[in-house]
Amino acid sequence: ELARLKGALVGELLEVLDNLDRSLQALPDTADDSLRQGLQLVRDQFFETLARFGLWEVDALDAPFDPRVHEAVATAPVTDPARDGRVLAVLKPGYRLGEQLIRPAMVQVGRLER
């Protein structure tokens, strides 16, 4: 029961982490560096706090697509057979809490053009 509650809580807090990531991405290039650095520090501290509870990010970028931990939300044509079925971009990171998948990584997967 405690493990389930911990997983549910961390899952809810991932939305806060996502919002911090979106805020960093939305900052214009002209934004004050101290603002960017401060927001990055808050994001890193928040992630480190979650990591102490066992949270870790699913490896996705350039990995072979694995439906157990990745959710394909887009495909893109590739001409290199080595890129076929590989994750080309991570649109939303996936996370595990210990060995339990909390959220799959939402990814773009390469599809070989024929």
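Mentor: Start with Glu57, whose bridge partner in β4 is Tyr95. Note that this is a predicted model, where local features need pLDDT of at least 70, side-chain atom pairs count only at pLDDT 80 or more, and totals for chains, interfaces and linings use all residues. Residues are numbered from 1 along each chain as its sequence is written, and side-chain values use heavy atoms, with hydrogens and water left out.

Trainee: How many bridges join β1 to β4, and in which sense do they run?

Mentor: Three, and the two strands run antiparallel. Strands here are DSSP runs of E, at least two residues, and helices are runs of H or I, at least four, numbered from the N terminus. Two strands pair if DSSP finds at least two bridges between them.

Trainee: What's the strand order in that open sheet?

Mentor: β1-β4-β5, three strands with antiparallel pairing. β1 (55-57) and β5 (100-103) have a single partner strand each, so they stand at the edges and one side of each is left without a neighbour in the sheet. The twist averages 35° from one strand to the next.

Trainee: Which strands does α1 touch?

Mentor: Helix α1 (residues 2-26) packs on the sheet and touches β1, β4 and β5. Contact means heavy atoms within 4.5 Å. The direction of α1 makes about 40° with that of β5. Axes are lines fitted to C-alpha atoms, for helices over the stretch in contact, and angles run from 0 to 180 degrees between N-to-C directions.

Trainee: And where does α2 lie?

Mentor: Across β1 and β4. Helix α2 (residues 33-52) runs at about 120° to β1.

Trainee: What does β6 pair with?

Mentor: β2 (residues 70-78) pairs with β6 (residues 105-112) in the parallel sense, over eight bridges. β3 (residues 87-92) runs antiparallel to β6, with four bridges. Look at Gln108 in β6: it is the bridge partner of Ala74, and Ala89 stands opposite Gln108 too.

Trainee: New topic. What's the volume of the largest pocket?

Mentor: About 230 Å³. On a 1 Å grid over the protein atoms alone, a pocket is an open set of points where a 1.4 Å probe fits, with protein on both sides within 12 Å along at least five of seven lines; lining residues have an atom within 4 Å of a point. The volume is the space filled by probe spheres set on the points, which are joined across faces, edges and corners.

Trainee: Which element gives the most to the lining?

Mentor: α1, with four residues. The lining includes Asp18, Arg43, Glu57 and Tyr95. It divides into four nonpolar, one polar and six charged residues. Ala, Val, Leu, Ile, Met, Phe, Trp, Tyr, Cys and Pro count as nonpolar, Asp, Glu, Lys and Arg as charged, the others, Gly among them, as polar.

Trainee: Last one. What is phi of Asp62?

Mentor: Near 70°, positive in a residue other than glycine. Most residues other than glycine have a negative phi. Asp62 is in the loop between β1 and β2, and counts as partly exposed at 37% relative accessibility.

Notes
Buried means under 20% relative accessible area, exposed over 50%, partly exposed in between (1.4 Å probe, protein chains only).
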